Amino acid sequence: MVILTISITSIEMEGETTKYAADISSVKEAYDRIKSLVHRTPVLSSTSLDDISGRKLYFKCENFQKSGAFKFRGACNAVLSLTDEEASKGVTTHSSGNHAAALSLAAKIRGIPAFIVVPKSAPSCKVENIKRYDGNVNLAEDNMQSREEVMNKVRQETSAIYIPSSNDGRIMSGQGTISLEFLEQIPQIDTLVVPISGGGMIAGIAIAAKAINPAIRILAAEPKGADDAAQSKAAGRIIKLQEINTIADGLRAFLGDHTWPVVRDLVDDIITVEDFEIIKAMKLCFKILKIVIEPSGAIGLAAVLSETFQKNPAWKDCKHIGIVVSGGNVDMDVFWESLNK
Ligand SMILES: Cc1ncc(COP(=O)(O)O)c(C=O)c1O
């Protein structure tokens with residue numbers, strides 16, 4: 001009896017630590033699938049920002065990705081992976097905006113409908129993006145229960161296939177293609193700093209980057225007012241928060257059962273920053289790199305400039321840092337208010 005228990009436990013543990021919903025092969029397959037449709041986004045650098053941070057920084061500008069955010073990579077991979085029969089039903093999701101727009105665009109390219117559920121508080125530029133790509137918009141209240149209820153109703157009416165925003169192997173694999181490009185563009189990168197919310201992007205990036213260079217460090221950047229991933233890492237299990245309070249509207253979701261094991265095993269640390277640090281980073285990107293980015297896209301720079309990172313001896317050897325600038329969809333008033341703060 002005892003022997004049986006031990007052997008089952010060890011098999012489960014082995015499965016848990018070595019098998020994820022994506023791997024380097026699925027990331028490479030995703031890239032073959034989406035390469036002709038996504039932009040190979042540019043990498044910017046600036047000696048002024050290097051001086052301010054004391055490191056060499058490289059910015060992978062996914063704000064220039066189609067639909068204005070990295071999300072198009074995963075959405076495109078998921079939509080192109082559907083069989084013709086599945087695709088004929090259309091796709092659906094609930095999202096704060098960037099995944100929704102990306103899914104609408106991917107569906108439009110495949111010639112199928114997208115039924116999108118967005119919370120009422122979603123930034124108007126993100127809702128406009130969904131409509132620009134012919135997504136059918138359904139509004140929900142600003143909580144997960146309402147979003148899921150509205151989406152379930154949509155699914156009953158349409159039979160559309162649900163494409164989650166992050167907790168899905170196809171999504172993680174698509175987002176992981178950022179690593180393939182970035183490490184080819186700048187092979188000397190020793191550390192990647194990646195925003196985290198549902199964890200789909202960092203999971204895909206970590207799996208691919210560590211397969212290419214096992215010594216690379218993967219650091220997540222998260223708002224203090226939505227620090228569920230940092231709390232989950234500390235507790236060793238998924239923690240969901242009762243309240244979220246951050247300007248970064250793309251970083252308010254929680255980890256899922258597919259993204260969590262990767263974050264637990266392959267993400268070296270999670271750096272949390274205050275909203276004022278995110279705003280400062282947005283301003284620096286505008287003034288020095290001359291790019292417009294949304295708060296969620298600025299958090300990587302905010303993390304690198306934070307005292308938590310700068311003063312931690314564990315990160316003193318991070319010399320060539322790749323920062324994923326994840327998106328540029330920001331409402332004009334939020335942007336100008338931030339610049340004037
Ligand atoms: C601009 C931006 N950055 C980062 C993220 C976080 O991505 P993930 O949910 O895959 O962790 C999101 C998610 O919506 C986003 O829109």
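Predicted model: local features only at pLDDT ≥ 70, side-chain atom pairs only at ≥ 80, totals over all residues.
At what angle do helix α9 and α10 pack, and how far apart are their axes?

**Entry 1**

I number residues from 1 along each chain as its sequence is written. Helices (H or I, at least four residues) and strands (E, at least two) are DSSP runs, numbered from the N terminus.

Helix α9 (residues 169-185) packs on α10 at an angle of about 45°, and the axes are 7 Å apart. I take axes as lines fitted to C-alpha atoms, for helices over the stretch in contact, with angles from 0 to 180 degrees between N-to-C directions. The two helices are therefore oblique to each other. Under 35 degrees counts as roughly parallel, over 145 as roughly antiparallel, 65 to 115 as roughly perpendicular, and the rest as oblique. The crossing of α9 and α10 is right-handed, meaning that the near helix is turned clockwise from the far one by less than a right angle.

I then listed the contact (C-beta atoms, placed from the backbone, within 7 Å). From α9 it includes I171, M172, I178 and L183. From α10 it includes G200, M201, I205 and I212. The contact residues divide into 12 nonpolar, seven polar and no charged. In this count Ala, Val, Leu, Ile, Met, Phe, Trp, Tyr, Cys and Pro are nonpolar, Asp, Glu, Lys and Arg are charged, and the others, Gly among them, are polar.

**Entry 2: the ligand shell**

Next I looked around the ligand. Of the 21 residues there, G198, G200, G250, S326 and G327 come nearest. Near here means a C-beta atom, placed from the backbone, within 6 Å. The elements giving two or more residues to the shell are α6 (98-110), α10 (200-212) and α14 (295-305). α10 gives the largest share, three residues. By class I find seven nonpolar, 13 polar and one charged residues. Domain 1 and domain 2 each give the shell at least three residues.

**Entry 3: the two domains**

I checked the domain bounds, which come from an automatic or database domain assignment. Domain 1 is 24-68 + 168-340, and domain 2 is 71-162. Their C-alpha centres lie 23 Å apart. The contact takes 25 residues from domain 1 and 21 residues from domain 2. On the domain 1 side, α2 (24-34) and α9 each supply at least two residues. α9 has the largest share of that side, seven residues. That side has seven nonpolar, 11 polar and seven charged residues.

**Entry 4: α4 and α6**

I turned to helix α4 (residues 71-81). Its angle with α6 is about 40°, with the axes 8 Å apart. That makes α4 oblique to α6. The crossing is right-handed. In α4 I note F72, V79 and L80 among the residues that meet α6. In α6 the partners include H99, L103 and R110. The residues of this contact divide into 10 nonpolar, two polar and two charged.

**Entry 5: α13 and α14**

Last, I looked up helix α13 (residues 275-289) against α14. Their axes come within 7 Å and cross at roughly 100°. The helices are therefore roughly perpendicular to each other. Residues of α13 in this contact include E277, K280 and M282. Those of α14 include P295, I299 and L305. I count 11 nonpolar, no polar and two charged residues here.

Key: Contact = placed C-beta atoms within 7 Å.
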